[in-house]
Amino acid sequence: MKQLWLGLVIVLTLFLSACSDDNAPPDVNALVYENAKPLADFSLDDQHGELVTKQQFLGQWNLVFLGYTSCPDICPLTLAKLNAVYKNLRSDYPVQIWFVSVDPKRDTPAKRKDYIDYFNPDFLAVSGEHKQLFPMVRGLGLIYAISDSSESEYAVDHSASVAMVDGNGAVRAIFKPEFKQGSVPLINSKELTQEFKQIADYYKN
């Protein structure tokens, strides 16, 4: 009888452990990589003309968004939302916001500085030649396309998602925009903030 009781206790303990979700991955809408995807090194420049490499990702959480300074809607609206996210996170998490311009022909360092300073001068506004940009963007799980037009005014197609890079320089998650009829695709800043915390707390650097 004693052995039977002991067996029941062991089974019950195992059952309760199996039912516990304390160690379960976060249940979020973001695309989360269980095994973070390490980024290859790259060489870009920031809004001050300083060299930027993979090293700038290390030791902090990073949110990376693609765009260009001539973008009429998605870029300024998303950066405004990311500024709100940044202000809500920075006291509890080391975090850097990256704006990666995929229009290096027009977006000089000076132009990028004027642009990003409007939102937050603490943000990084980086760019470089397409031979450096494209592999880096692809490694983030994002995409862009630019025409060979000789016109001075042209649009650039780019992802509206935001990539989350961990302190080891690896992509941990991608926050996708909301698609609403009659509106441009934009991230939900409140949801992103909440899910960022869940992911960062679970996958501690």
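R106 counts as buried, with a relative accessibility of 14%, and buried here means under 20%. This arginine sits in the loop between β5 and α3. Keep in mind that the model is predicted. The chain has five helices and ten strands, and 45% of its 205 residues count as buried. Let's start with R106 and then walk through the helices.

**R106 and its surroundings**

- The side chains of R106 and D103 are joined by a polar contact of 2.6 Å.
- Leaving aside residues up to four places away in sequence, R106 touches Y68, S70, K111, S152, E153, Y154 and V156.

**H158, another buried residue**

- H158 belongs to strand β8, and its relative accessibility of 16% makes it count as buried.
- Which backbone oxygen does the side chain of H158 reach? It is the one of L66, at 3.3 Å.
- H158 and C75 are 83 residues apart along the chain, yet 9.8 Å separates their C-alpha atoms.
- C75 is also among the residues that H158 touches, as are F65, G67, Y68 and I143.

**Helix α2**

- Helix α2 covers residues 74-89, which makes 16 residues. From first C-alpha to last it reaches 22 Å, close to the 22 Å expected at 1.5 Å a residue.
- I74, C75, T78, L79, L82, N83, V85, Y86 and L89 are buried in α2.
- Why do these buried residues line one face of α2? Viewed down the axis of the helix, they fall within an arc of 165°, so they share one face.
- The buried residues of α2 pack against several elements, including β4 (61-67), β5 (95-101), α3 (109-119) and α5 (189-202).

- In α3, the buried residues are R112, Y115, I116 and F119. They span an arc of only 90° around the axis, which puts them on the same side of α3.
- The other side of α3 carries A110, D114 and Y118, which are exposed.
- Packed against the buried residues of α3 are β2 (44-45), α2, β5 and β6 (124-126).
- How far apart are the axes of α2 and α3? They are 9 Å apart, and the two helices pack at an angle of about 50°. The two helices are therefore oblique to each other.
- Where they meet, α2 contributes C75, P76, L79, A80 and N83, while α3 contributes Y115, I116 and F119.

**Helix α4**

- Helix α4 (residues 130-140) has L133, M136, V137 and L140 as its buried residues. Their arc around the axis is only 100°, which puts them on the same side of α4.
- Just after α4 comes G141, with a positive phi of about 85°.

Terms used. Residues numbered from 1 in each chain as written. Predicted model: local features only at pLDDT ≥ 70, side-chain atom pairs only at ≥ 80, totals over all residues. Heavy atoms only, no water. Helix = DSSP H or I, 4+ residues; strand = E, 2+ residues; numbered from the N terminus. Expected span 1.5 Å × (residues − 1). Buried < 20%, exposed > 50% of the residue type's maximum accessible area, 1.4 Å probe, protein only. Arc of directions from axis to C-beta. Contact = heavy atoms within 4.5 Å. Polar contact = N/O pair within 3.5 Å; in protein donor to acceptor, adjacent residues only side chain to side chain. Axes fitted to C-alpha atoms, helices over the stretch in contact; angles between N-to-C directions. Parallel < 35°, antiparallel > 145°, perpendicular 65-115°, else oblique.
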